[in-house]
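Here is a friendly walk through one protein model, written for someone who would like to know what to look at on screen. Please have the viewer open as you read.

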Amino acid sequence: MAAHRKPKQRSLGGSKARTAATIALAGAATATAFDGTGYAEPQLSTAQVKAKVDRLYEEAEVATEKYNGAKEKAGKAAERLSILQDEAARKEDRLNSARDALGSIAASQYRNGGLDPALQLALSDDPDQYLEGAAFAERAGSRQAAAVEGVRQQLREIAQLRGAAHVELTSLTSRQAELKRHKKTVTGKLDAARQLLGRLSDEERARFGESDDSGDRATRSSARDLTSPAAPAGSVAAPNSRAAAAVSYAYGKLGSPYVWGATGPDAFDCSGLSQAAYRAAGIALPRTTYSQINAGRRVARSELLPGDLVFFYSGISHVGIYVGNGQMIHAPNPSAPVRLAPVDQMPFAGAARVA
């Protein structure tokens with residue numbers, strides 16, 4: 001009798017099995033690539049590196065302005081909290097004094113009390129004198145009642161101050177957490193940009209650093225070398241003394257390094273430079289680009305005058321100081337110092353005249 005053998009089962013078939021194996025191997029290769037082992041990252045051209053780095057710098061600047069805004073709000077919340085805490089402490093001192101006074105009155109009443117007022121009148125040797133004393137006691141009682149009500153009011157005010165301080169403390173804590181998030185974003189973007197730039201040769205990095213320049217190096221150098229910082233000859237005159245002072249300050253800072261979050265006097269980010277320039281001119285500007293654009297009167301691009309603030313990108317994430325002849329001074333990014341550049345170098349978003 002022939003032995004019965006179980007027929008082989010073809011689960012996927014030859015071609016299907018090969019396809020599945022191919023997919024599995026591809027998946028394994030992809031996973032290995034994401035793990036960072038056995039993966040050769042494609043070589044990027046200098047232009048591709050520049051495009052990626054520029055994008056990272058733009059994203060970092062957006063996060064920087066958010067960081068600056070959160071830092072400004074955190075500072076104000078801390079200041080308000082300190083004021084509330086000081087006021088609460090002063091009211092608590094006054095409350096303690098009022099309580100001590102009430103305690104003395106209560107102790108005195110306890111020592112001198114005991115007899116019913118009608119009985120004290122009946123037993124008094126001098127009823128007229130007693131009645132005068134009773135009237136005085138009644139007035140004293142009224143003053144005591146007022147003092148008690150004053151203590152109650154102080155308690156209510158202190159409770160309100162503590163409630164407001166709690167709100168400010170919550171706000172401050174939230175702003176501090178927001179600061180950490182934005183700082184992490186900024187440092188992550190800048191680290192990624194540094195890693196990309198590290199792929200370039202020294203010569204390529206040098207070209208990259210000069211690539212967003214205005215091309216007018218002679219003008220920049222002559223302005224930086226002036227002993228009394230001012231716009232070079234042939235520049236358009238500023239419309240007033242404050243705008244002129246801001247422009248002069250900006251020229252004096254040419255070549256200063258870009259440092260995110262910095263407001264001078266030796267390093268700047270973009271809004272830090274505009275704020276410092278107008279601080280030197282006696283005008284207090286908000287800290288962030290998206291606040292600075294609303295700090296003055298909006299002007300059209302065709303109406304620009306030296307000293308006007310010019311803003312870029314749809315998120316209003318970059319600002320420069322217009323100096324005339326289609327040029328601005330700005331703090332570009334960590335790859336380039338404070339410099340002259342054409343206004344049409346970046347997507348124009350608006351302008352404001354603050355002086």
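Helix 8 is largely enclosed by the rest of the structure, because nine of its eleven residues are buried. Buried here means under 20% relative accessible area, exposed means over 50%, and partly exposed lies in between (1.4 Å probe, protein chains only). Helices (H or I, at least four residues) and strands (E, at least two) are DSSP runs, numbered from the N terminus. The buried residues of helix 8 are Cys 270, Ser 271, Gly 272, Leu 273, Ser 274, Gln 275, Ala 276, Ala 277 and Tyr 278.

A word on the basis of all this: the model is predicted, with local features needing pLDDT of at least 70 and side-chain atom pairs counting only at pLDDT 80 or more, while totals for chains, interfaces and linings use all residues. Residues are numbered from 1 along each chain as its sequence is written, and side-chain values use heavy atoms, with hydrogens and water left out.

Just after helix 8, Gly 282 has a positive phi of about 85 degrees. Further along, in the loop between helix 8 and helix 9, you will find Thr 288. Thr 288 counts as buried because its relative accessibility is 0%. Leaving aside residues up to four places away in sequence, Thr 288 touches Glu 65, Asn 68, Gly 69 and Ser 271, where contact means heavy atoms within 4.5 Å. Ser 271 is itself one of the buried residues of helix 8.

## The whole chain

Stepping back, the protein chain has nine helices and six strands. Of its 355 residues, 34% count as buried. Among contacts between residues at least 6 apart in sequence, 66% join residues at least 24 apart.

## Salt bridges

A salt bridge is a side-chain nitrogen of Lys or Arg within 4 Å of a carboxyl oxygen of Asp or Glu. By this rule, the count is ten. Three of them are set out below.

| Pair | Closest N and O atoms |
|---|---|
| Glu 178 and Arg 175 | 3.1 Å |
| Arg 287 and Asp 269 | 3.0 Å |

Which part of the structure holds Glu 178 and Arg 175? Both sit in helix 4 (residues 127–197), and because they are three residues apart there, about one helical turn separates them. Glu 178, at 18% relative accessibility, counts as buried, whereas Arg 175, at 24%, counts as partly exposed.

Arg 287 forms its salt bridge with Asp 269. This pair links distant parts of the chain, 18 residues apart: Arg 287 lies in the loop between helix 8 (270–280) and helix 9 (289–292), and Asp 269 in the loop between helix 7 (241–252) and helix 8. Arg 287 and Asp 269 are both buried.

Elsewhere, salt bridges that share partners bring Arg 55, Glu 58, Glu 59 and Lys 189 into one network.

## Strand 3 and its two partners

Now turn to strand 3 (residues 318–324), which is mostly covered, with seven of its seven residues buried. Two strands pair if DSSP finds at least two bridges between them. Strand 2 and strand 3 run antiparallel and are joined by four bridges; Phe 311 has Val 319 in strand 3 as its bridge partner. Their hairpin has five residues between the strands, and in it Tyr 313 takes a positive phi near 75 degrees.

Strand 3 is also joined to strand 4 (residues 327–330) by three bridges, again in an antiparallel arrangement. In strand 4, Ile 329 stands opposite Ile 321. The hairpin of strand 3 and strand 4 has two residues between the strands, and Asn 325 takes a positive phi near 55 degrees there.
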